[in-house]
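Please read it alongside the model.

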Amino acid sequence: MAAGTLETQRRDGPRALRPDEWEQLDHVVGTVFRPSMFQDYPQLFNEVNRENLRVVAEGDAVVCHVGFIQRPASLQGCRIDVCAIGAVATLDEHRGKGYASLAFQDACDTAAAAGVDVMLISGGRGLYTRVGCRQVGDDLDFSFSREELARLASVRPPGGGDFTVAQVGAERIPELAALYATEPVRFLRRREDWEMALACGVVMNTPSHFWGVSVGETLVAYLIVHDPSKVRRRSADEPASVRVVEFGGVRASVIAALPRLIAHYDVERLAIHTQGSDPVLGRVLRAATGAAGTPSGASGTVRIINFVQLMERCRPLLAERMGHAATAGLTFHADAEPGSQEGSFSIRRGDAKVRIEDLASLAVFLFGSHRAIEAPDSEPSGDTVLLEDLRRALPLPSLWYGLSYV
Ligand SMILES: CC(C)(COP(=O)(O)OP(=O)(O)OC[C@H]1O[C@@H](n2cnc3c(N)ncnc32)[C@H](O)[C@@H]1OP(=O)(O)O)[C@@H](O)C(=O)NCCC(=O)NCCS
């Protein structure tokens, strides 16, 4: 009997993790990444989330894992459902048998059945890009020197008076969550997400500190930053840097905190990512500091899970941008089932039709890319007037993970 057949017979899954397999999963992700994975990713490795931990076992042993969390999200008021994939791991001796690819597709099918529109993936390797995942978003990465940040020293929160920047703990969760809730492009997090993030202190894969900006007693903004002493640097000569991985609240208050943070950590540089959907922050930072920022995408890659549902849910956003008359007659079509990696997509209005070849082209068409010039995927084709209208209405805003990263 061929080895491949033997392996296929012994394979169990992909399927959900069973209640008695936690230790085995801990072994898989602990061996492939680091022993503290269960502590570092409590939103993922949680009994409540067990159905979303997709595994492949061989014989009695779990050998491969693809996990996700599912949350609602708001794209400027349009409610969608997203899932975030992480801790993708196959034990070394079981690699190259297609297990992660199978478990990844199984995660897409499971997410589709649960009503997910878009999947966020915290990676960009072939495993994902071969099956329609693409980096999207037209954002900016800033890495400021101390001199550049000194130009922000006179910025004050609204009101213009004194303010404090101090670390905050779990007792401020209601205020932190209320500030995050004012963000137009955000996850609809559970209170537990905040509790877990503050308890474990790991955000976007690195131990982090939570800072609050206050005017008097009122928290007016917050910033979560990687602890510079815990960041793995590529070389000893790389300048120490503090990286802001999430912020919320009034932009002037976020900006006002930056010079204080670089002074507190006494490092050479401060990095912050601004989203293309934010009409203020990137532009103001450029103008006020003189730093251009580097065009970049949102973190990781995305895969569209349910095109038709996503577009129906975002119809009000399209109408806001291209008008009711142009939007009302739009219909959306997919050749294949939600979750599938196959098929092409179309958008129609009367007799006019625009066709999008595949999942990868769709992700870039809908969410935009900072890599317009080198984009290898095919351009949408069809009716030029409809295409122009759609381009006016796109891109949809891209989500930023922050403490929802897994
Ligand atoms: C990444 C990882 C999970 C892949 O697990 P796996 O079970 O071996 O995955 P598969 O057998 O389904 O396929 C993976 C590899 O086979 C090869 N492969 C499979 N199909 C292929 C195809 N059609 N064409 C070319 N190469 C292919 C590739 O090398 C591919 O890896 P890639 O992502 O580097 O392109 C595993 O290598 C691992 O645990 N790595 C360490 C942890 C890690 O990096 N996780 C991902 C974080 S984003």
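## Cavities

The count comes to three cavities of 30 Å³ or more. The model behind this count is predicted.

The largest cavity holds about 180 Å³ of space. Its lining consists of 15 residues. Nearest its centre lie E183, E246, F247, Q275 and W400. Two elements, β12 (241-249) and β13 (269-274), each give two or more residues to this lining. The largest share comes from β12, with four residues. By class, the lining of the largest cavity splits into seven nonpolar, four polar and four charged residues.

## Second cavity

The second largest cavity has a volume of about 110 Å³. Its lining has 18 residues. L120, V136, V302, S398 and L399 lie nearest the centre. Three elements supply at least two lining residues each: β4 (78-90), β5 (118-121) and β15 (301-304). Twelve residues of this lining are nonpolar, five are polar and one is charged.

## Aromatic pairs

The structure holds ten aromatic pairs. One of them joins W211 and Y265, with ring centres 6.0 Å apart. Their planes meet at 80°, over the 60 degrees required, so the pair is edge-to-face. W211 sits in strand β10 (residues 206-215), while Y265 belongs to helix α9 (residues 251-265). The pair therefore ties together parts that are 54 residues apart in sequence. Both W211 and Y265 are buried.

F307 and F332 form another edge-to-face pair. The rings are 6.1 Å apart, centre to centre, with 90° between the planes. F307 lies in helix α11 (residues 307-313) and F332 in strand β16 (residues 330-334), so this pair ties together parts that are 25 residues apart in sequence. Are these two residues buried or exposed? F307 has 2% relative accessibility; that is under 20%, so F307 counts as buried. F332, at 6% relative accessibility, counts as buried because the value is under 20%.

## Ring cluster and charge over rings

Ring pairs also link residues into a group. W22, F38 and F45 form a cluster in this way.

Which rings does the charged end of R189 sit over? One is the ring of Y180, whose centre is 3.8 Å from that charged end. Another is the ring of W194, with a distance of 5.3 Å to its centre.

How values were computed:
Residues are numbered from 1 along each chain as its sequence is written. This is a predicted model: local features need pLDDT of at least 70, side-chain atom pairs count only at pLDDT 80 or more; totals for chains, interfaces and linings use all residues. Side-chain values use heavy atoms; hydrogens and water are left out. Rings of Phe, Tyr and Trp (its six-membered ring) pair if their centres lie within 6.5 Å; planes under 30 degrees apart count as stacked, over 60 as edge-to-face and the rest as tilted. Buried means under 20% relative accessible area, exposed over 50%, partly exposed in between (1.4 Å probe, protein chains only). A charge sits over a ring if NZ of Lys or CZ of Arg is within 6 Å of the ring centre and within 35 degrees of the ring normal. On a 1 Å grid over the protein atoms alone, a cavity is a set of points where a 1.4 Å probe fits but cannot get out, and a pocket is an open set with protein on both sides within 12 Å along at least five of seven lines; lining residues have an atom within 4 Å of a point. Grid points are joined across faces, edges and corners, and a volume is the space filled by probe spheres set on the points. Ala, Val, Leu, Ile, Met, Phe, Trp, Tyr, Cys and Pro count as nonpolar, Asp, Glu, Lys and Arg as charged, and the others, Gly among them, as polar.
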